[in-house]
Amino acid sequence: MTWSEMQPLLSQACWDTLYMVGWSTLIAVAGGLPLGILLVLTDRGGLLQNAVVNKVIGQIVNIVRSMPFIILMVALIGFTRAIVGTTIGREAAIVPLAIGAIPFFARLVETSVREVDGGLVEAVQSMGGNTWTVVRKVLVPESLPSLISATTTTIVAIIGYSAMAGTVGAGGLGDLAIRYGYQRFETGMMWTIVAILAVVIAIIQFGGDSGARVLHRRAGKGGEPLRFSLFVGRPAVSTAGATTKTR
């Protein structure tokens, strides 16, 4: 197969993959971020400590995470059809991709949020901040560099999932690799797809790492400490430690 023959196929497959990965990532972040934070808040010693809720959510997350993605796609066929009206194509693939990525991202969020200094939480509470204020002013901002890295890891994982989704007609680069690289023995097409995926993942990883480094420097890990105020006119809390300083 010549390059002129491969180019239109690769262009459409790349667009389909970016479409699936983009929407799946948005849904995974929207669902996984609050889920991961809730796991921390409801854990022992958390602001919303609730052993039952934490156990139930944790078990659901573990069950979905432990399920191989190809099996998860098959298990969700009925649900996918009910949501998008079909089980074939890129829109149908977004459903299992997002559901498979949400618990994966939630666990990464949980790990990131647990690294936040407890002294900062106590400082905000001492100024009258409620749970929502702690989440918005401390937990998310302080863990943002780690959350960027977690998002990068999730995107790379979703790209791998999307390649597997190609085995059931989801479209994208995985589907193209199966139909041409495997079934038709087009070795050139196969290695071209491998090279494209390698470049895409390298770009995503570089962008995520760069963003995390910038946020680390802004947070005082390589530059000036990042400060925020709970209320206008109230003491400002420095994220360099659990101390307060009057504006």
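**Helix packing and selected residues in a predicted model**

Phe185 is placed in the loop between helix H8 (172-182) and helix H9 (187-221); helices (H or I, at least four residues) and strands (E, at least two) are DSSP runs, numbered from the N terminus. The structure is a predicted model, in which local features need pLDDT of at least 70 and side-chain atom pairs count only at pLDDT 80 or more, while totals for chains, interfaces and linings use all residues. Residues are numbered from 1 along each chain as its sequence is written, and side-chain values use heavy atoms, with hydrogens and water left out.

The phi angle of Phe185 is near 60 degrees, a positive value in a residue other than glycine. Most residues other than glycine have a negative phi. Phe185 is also exposed, at a relative accessible area of 67%. Here buried means under 20% relative accessible area, exposed means over 50%, and partly exposed lies in between (1.4 Å probe, protein chains only).

The secondary structure of the protein chain amounts to nine helices and three strands. Along the sequence, the pattern reads α-α-α-α-α-α-α-α-α-β-β-β. The protein chain has 247 residues, of which 40% count as buried. Contacts, defined as heavy atoms within 4.5 Å, were also sorted by separation in sequence. Among those in the protein chain between residues at least 6 apart in sequence, 66% join residues at least 24 apart.

Two packed helices are described by the angle between their axes and the distance between the axes. Axes are lines fitted to C-alpha atoms, for helices over the stretch in contact, and angles run from 0 to 180 degrees between N-to-C directions. Helix H1 (residues 3-41) and helix H7 (residues 131-165) have axes that come within 9 Å and cross at roughly 140 degrees. H1 is therefore oblique to H7. Angles under 35 degrees count as roughly parallel, over 145 as roughly antiparallel, 65 to 115 as roughly perpendicular and the rest as oblique. The crossing of H1 and H7 is right-handed. A crossing is left-handed if the near helix is turned anticlockwise from the far one by less than a right angle, and right-handed if clockwise. On the H1 side, the residues in the contact with H7 include Thr17, Met20, Val21, Leu33 and Leu41. On the H7 side they include Thr131, Val135, Leu147, Ile155 and Ser162. By class, this contact of H1 with H7 has 13 nonpolar, six polar and no charged residues. Ala, Val, Leu, Ile, Met, Phe, Trp, Tyr, Cys and Pro count as nonpolar, Asp, Glu, Lys and Arg as charged, and the others, Gly among them, as polar.

Helix H1 also packs against helix H2 (residues 51-66), with axes that come within 9 Å and cross at roughly 135 degrees. H1 and H2 are therefore oblique to each other. The crossing of H1 and H2 is left-handed. H1 contributes Leu35, Leu38 and Leu39 to this contact, and H2 contributes Asn54, Ile57, Gly58 and Val61. The residues of the contact of H1 with H2 divide into five nonpolar, two polar and no charged.

Leu33 of helix H1 is partly exposed, with a relative accessible area of 25%. Beyond its neighbours within four places in sequence, Leu33 is in contact with Ala28, Phe105, Val109 and Leu147. Leu33 and Arg107 are 74 residues apart in sequence, and their C-alpha atoms are 9.2 Å apart in space. Leu147, in helix H7, is buried, with a relative accessible area of 7%. With neighbours within four places in sequence left aside, the contacts of Leu147 are Leu33, Phe105, Val109, Ser112 and Val140. Between Leu147 and Val113 the separation is 34 residues in sequence and 8.4 Å in space, C-alpha to C-alpha. Leu26 also lies in helix H1 and is exposed, with a relative accessible area of 54%. Leu26 and Ile102 are 76 residues apart in sequence and 9.9 Å apart in space, C-alpha to C-alpha.

Asp175 is found in helix H8 and is buried, with a relative accessible area of 12%. Its side chain makes a polar contact with the side chain of Arg179 (2.9 Å). A polar contact is a pair of N or O atoms within 3.5 Å; within protein, one must be able to donate a hydrogen and the other to accept it, and residues adjacent in sequence count only if both atoms are side-chain atoms. Not counting residues up to four places away in sequence, Asp175 touches Gly166 and Gly169.
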